[in-house]
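This report describes the architecture of one protein chain for a reader who is new to structural analysis. Please consult the sequence and the structure shown below while reading.

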Amino acid sequence: MFRLMTGRAGPSGFGSASTAEQVTQGIDASNITAIITGGASGVGLETARVLALRNAHVIIAARNMEAASEAKQLILKDNHNARVDVLMLDLASLKSVKAFADNFIALNLPLNILINNAGIMFCPYELSEDGIEMQFATNHLGHFYLTNLLLEKMKETANSTGVESRIVNLSSVAHLHTYEEGVRFEHISDNSSYDDKKAYGQSKLANILHANELSRQLQAEGVKITVNSVHPGLIMTNLFKYSDFLIRILRIATFILWKNVHQGAATTCYVALHPSLKGVSGKYFVDCNEFKPSRFARCQVLAKRLWDFSYKLVYEAEKA
């Protein structure tokens, strides 16, 4: 907490006050192609901007194509040599996720980095078009399916280039505030006991569990792909559109803990690009330093159960 409040650097040399540009200073990513979901605004846009600044070829995956095109132009305005493309992706639709993956693979590009950044927060109860509670569907299940669909491309890229590929899941400290059982497998889309805050926490817990289980599987295969999860910090973005009044009160009470968007994208960019993390996988990062997540998040049994549960959901929907 002291480091968070003061911005004091941790063992990595970076801390809560570090910006995305600072943590990637001197890194040349010209041989890197990266997909960033939700890259049209907020932390995702800053992540896209900084990766493009470091010469990566950035693919912004977004539901709102107008916003994505505006984000691309914003990046190009300050960086005329930036390589940025946009592709349509609605994570709440498994059909859209499949279409995105097909469209990307058809481009015949390598894929070195996948940043599962997009998300929704504290929204009223709603079902996705696939009949899944919306926060779980968007924040976890869509990213789970997307990652699986792109995994072979990432393996091919790592094998052909000899360069380690990386997957980064954006989680949150909110993973601590979930349902009593961690993940409500038997009631994942139940309306009667829905709690918007706990449902968000459940989806963020799922992000960590997904990263940990995929990391375990890839390490067992000996594949040169790392998978980690991060908490970006408290940042005022459009994620808070469903709880504006509550968050404004919280922000006043905890103003010293909040970050700007440049600081908020730092941990993502650090985990995605920094050479010191070569071979580091299955970890959770806060303020560019490894951090111990919750008991649920560290449970391998829960992680494997979530994997099997998610796999069944997406591939049953695919067959439908």
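## The central strand and its sheet

From strand β1, the residues T33, I35 and T37 point one way while A34 and I36 point the other way, and all of them are buried. Here buried means under 20% relative accessible area, exposed means over 50%, and partly exposed lies in between, with a 1.4 Å probe and protein chains only. In a regular strand the side chains alternate between the two faces of the sheet. Since 5 of the 5 residues of β1 are buried, the strand is largely enclosed by the rest of the structure.

The model is predicted: local features need pLDDT of at least 70, side-chain atom pairs count only at pLDDT 80 or more, and totals for chains, interfaces and linings use all residues. Residues are numbered from 1 along each chain as its sequence is written, and side-chain values use heavy atoms, with hydrogens and water left out. Helices (H or I, at least four residues) and strands (E, at least two) are DSSP runs, numbered from the N terminus.

β1 belongs to an open sheet of 8 strands with mixed pairing, in the order β3-β2-β1-β4-β5-β6-β9-β10. The edges are held by β3 (83-88) and β10 (289-290), each with a single partner strand, so one side of each is left without a neighbour in the sheet. Two strands pair if DSSP finds at least two bridges between them. Strands of a sheet pair through backbone hydrogen bonds, either parallel or antiparallel.

β1 (residues 33-37) runs parallel to β4 (residues 113-116), and 3 bridges join them; the bridge partner of A34 in β4 is I113. β1 also runs parallel to β2 (residues 57-62), with 5 bridges between them, and I36 stands opposite I60 in β2.

I60 also lies 6.2 Å from D85, C-alpha to C-alpha, although the two are 25 residues apart in sequence. D85 is placed in strand β3 and is partly exposed, with a relative accessible area of 33%. Setting aside residues up to four places away in sequence, D85 touches H57, V58, I59, I60 and K72; contact means heavy atoms within 4.5 Å.

## Helices around the sheet

Helix α7 lies across β5, β6 and β9 (284-286), and runs at about 160° to β6. Axes are lines fitted to C-alpha atoms, for helices over the stretch in contact, and angles run from 0 to 180 degrees between N-to-C directions.

α7 (residues 196-221) also packs with α11 (residues 300-319) at an angle of about 95°, their axes being 9 Å apart. The two helices are therefore roughly perpendicular to each other, where angles under 35 degrees count as roughly parallel, over 145 as roughly antiparallel, 65 to 115 as roughly perpendicular and the rest as oblique. Among the residues that meet are L205, L209 and H210 in α7, and L302, L306 and W307 in α11.

H143 lies in helix α6 (residues 134-161) and, at 2% relative accessibility, counts as buried. Apart from residues up to four places away in sequence, H143 touches T37, L91, N116, N117, A118, T138 and H210.

Helix α10 is mostly covered, as 8 of its 8 residues are buried; C269 and Y270 are among them.

## Aromatic pairs

Rings of Phe, Tyr and Trp (its six-membered ring) pair if their centres lie within 6.5 Å; planes under 30 degrees apart count as stacked, over 60 as edge-to-face and the rest as tilted. By this rule the count comes to 8 aromatic pairs. Two of the pairs are listed here.

| Pair | Distance between centres | Angle between planes | Type |
|---|---|---|---|
| F14 and Y270 | 5.7 Å | 65° | edge-to-face |
| F185 and F309 | 5.1 Å | 75° | edge-to-face |

F14, in the loop between α1 (2-6) and α2 (20-23), and Y270, in α10 (residues 266-273), are 256 residues apart, and their pair links distant parts of the chain. Both F14 and Y270 are buried. F185, in the loop between β5 and α7, and F309, in α11, are 124 residues apart. Both F185 and F309 are buried, and together with F136 they form one aromatic cluster.
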